[in-house]
Amino acid sequence: MNPTMIQFFHWYSEGDGKLWNEAQKQAKYLAKLGITSVWFPPAYKGTNGGYSVGYDAYDLYDLGEFDQKGTTATRYGTKNDYLKAINALKKQNIEVIVDIVLGHKAGGDELEKFKVVKVDENNREKVISEVLEIESYTKFTFPGRGKKYSDFEWNFTCFSGVDYAEGMDSNIYKIQSEYGNDWEEMIDDEKGNYDYLMYNDIEHRNPFVREELNDWAKWYFDQTDFDGVRLDALKHISFDFYKEWLTLLRSNTGKNIFAVGEYWAPGYLHLLQKYIEVTEGCMSLFDSSLQNNFHNASKEGASYDLRRVFDETLTQADPMHSVSLVANHDTQPLQDLEAPVEPWFKPIAYALILLRKDGYPCVFYPDLYGAHYIDKDREGNEQEIFMPKVDGIEALLKARKEYAYGEQQDYFEDANCLGWVRKGDDQHLGCAVVLSNKDAYNKPMEMGKNYSGKKFKDLLKRFKNKVIIDENGWGDFSVPAGNVSVWVPE
């Protein structure tokens, strides 16, 4: 079966401790749709306890088991709920992908004194102060957990930078330590060096830190038997670290753990390719450039040349390492990387990632279930957001599960209307796909002589008429204006 991932959460997933229970209930439905893997949010305790989305990681060993940060359960439920959800998915032969946040820690338990220099926020290589002594919350003793699972205590030598100093203004402070007074090496010079992102930036050159994070990964696997990892914020973490970490994880578990990383650089394909090169192909990456193309296409409407939609994308350049997506928690409205795809274009975008041979597609939770939330925009004004489920998403998933197989032949000669056929294989019949960002079209395409005389129906039910394949294997396939149609054999 074609592999298909779902991101089973969004930034505003309700903080009521019910997500794990919902996943348990949805397991059979997801399997029916053809979902083969579920990407869960960070499952460990964040600094805001039951309110934390999880990317402000506090205690990696607390999966909703200990009374810390004002709660036992995480935003998504208890550890017991989490394990039940994983088991329910595995019973449906759905793999579990866990979210890994190893770039920073937040919510330290005690203040420590240590030496730092201030750096320029827009050029972190530029030092803008003398050496200072500050106090910051860099000591992590995990009083609610104690020494269960691990007796490792984090202190300032485990971090390369902080953004908090007791009694001082918020700045980026570079810690002066035995592991280096400079930042770790990155592959790009954005902001001079973008090692520092937020909170207490983890110092991956500290061998004790590396050992602890390697031990934790094996512990996490032993607890959950996960199948894959989603690696957060790669742009801000030493590439050498994750290359080693993944090698040891796979070796220690005896399992070929799937890995997909978030290196968000829309429009900069060369950086994604460079990252894959320096990490020796040990992980896939989300195709941020393709997502950005979808965003632009949805904004530009009929003036966008659809033939360019795969230009400068990882899915086109290196499909074996591409995880394609239409949206995620960072691109949804009111987030920092906001780049929403307009609702009219989403069925087109999903057809482009679900029904073609290249890439490993990831469906976003609100696009399958819908979402409604309220938050403040960048000007501080409160906004109410409705994200409706994508029109026809179940049919598109059905088409991927049952028909999107075999040889692919493209018909990309028109700027406003793309088409392609999948000719099927020994186990599956094929399909014909047509999409338009302007007018209604009819597109002649060749399915093959083995389909001669067969009737094709519109799976999305936009058309009642059937397309009959002629003696030469050709059919004339219709698409509504600004939409997509998927034609399959009756």
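Over residues 3–400 the chain is 28% helix and 22% strand, and the end C-alpha atoms lie 9 Å apart. Helices (H or I, at least four residues) and strands (E, at least two) are DSSP runs, numbered from the N terminus. UniProt, in an unreviewed entry, places the feature "domain: Glycosyl hydrolase family 13 catalytic" at residues 3–400. UniProt positions follow the numbering used here, feature names are shortened, and annotations may be inferred rather than shown by experiment.

This is a predicted model: local features need pLDDT of at least 70, side-chain atom pairs count only at pLDDT 80 or more, and totals for chains, interfaces and linings use all residues. Residues are numbered from 1 along each chain as its sequence is written, and side-chain values use heavy atoms, with hydrogens and water left out.

**Overall build**

- The protein chain has ten helices and 27 strands.
- A compact globule of 490 residues would have a radius of gyration near 23 Å; the protein chain has 24 Å, which agrees. The radius is taken over C-alpha atoms, and the globule rule is 2.2 Å times the number of residues to the power 0.38.
- Along the principal axes, the C-alpha atoms fill a box of roughly 80 × 45 × 45 Å.
- Of the 490 residues, 60% count as buried. Buried means under 20% relative accessible area, exposed over 50%, and partly exposed in between (1.4 Å probe, protein chains only).
- Among contacts with a separation of 6 or more, 69% come from residues 24 or more positions apart. A contact means heavy atoms within 4.5 Å.

**Domains**

- The protein chain is divided into domain 1 (5–101 + 207–399) and domain 2 (407–489). These bounds come from an automatic or database domain assignment.
- The centres of domain 1 and domain 2, taken over C-alpha atoms, are separated by 32 Å.
- At the contact between them, 21 residues of domain 1 meet 23 residues of domain 2.

**Nonpolar cores**

- The largest nonpolar core has 137 residues. Such a core is a set of buried Ala, Val, Leu, Ile, Met, Phe, Trp, Tyr and Cys residues joined through side-chain atoms within 4.5 Å.
- Domain 1 and domain 2 both give residues to this core, so it lies between them.
- The residues with the most contacts inside the largest core are Phe40, Trp216, Tyr220, Val229, Tyr242 and Trp245.
- Leaving aside neighbours within four places in sequence, Tyr242 is in contact with Ile100, Leu102, Leu231, Leu234, Ile237, Tyr275 and Met283.
- A second, separate core of 15 residues includes Cys417, Ala432, Val479 and Trp487.

**Helix α10**

- Helix α10 spans residues 393–402, and its buried residues include Ile393, Ala395, Leu396, Leu397, Ala399 and Arg400.
- Cover for the buried residues of α10 includes α1 (19–33), α8 (346–354), β17 (360–364), α9 (365–369) and β27 (484–489).

**Salt bridges**

- The structure holds 29 salt bridges. Each is a side-chain nitrogen of Lys or Arg within 4 Å of a carboxyl oxygen of Asp or Glu.
- Asp62 pairs with Lys45, with the closest N and O atoms 2.7 Å apart. This pair links distant parts of the chain, 17 residues apart: Asp62 sits in the loop between β4 (57–59) and α2 (79–91), and Lys45 in strand β3 (residues 45–46). Both Asp62 and Lys45 are buried.
- Lys218 pairs with Asp222, with the closest N and O atoms 2.9 Å apart. Both lie in helix α3 (residues 207–224), four residues apart, about one turn of the helix. Lys218 is partly exposed at 27% relative accessibility, and Asp222 is partly exposed at 49%.
- Asp225 and Lys255 meet in a salt bridge of 3.3 Å, N to O. This pair also links distant parts of the chain, 30 residues apart: Asp225 is in the loop between α3 and β13 (228–231), Lys255 in the loop between α4 (239–253) and β14 (258–261). Lys255 is partly exposed, with a relative accessible area of 23%.
- Salt bridges that share partners join Lys90, Asp225, Asp227 and Lys255 into one network.

- Asp225 has a positive phi near 55 degrees, although it is a residue other than glycine. Asp225 counts as partly exposed, at 34% relative accessibility.
- Tyr199, not a glycine, has a positive phi of about 55 degrees. Tyr199 is in the loop between β11 (172–175) and β12 (200–202). Tyr199 is partly exposed, with a relative accessible area of 31%.
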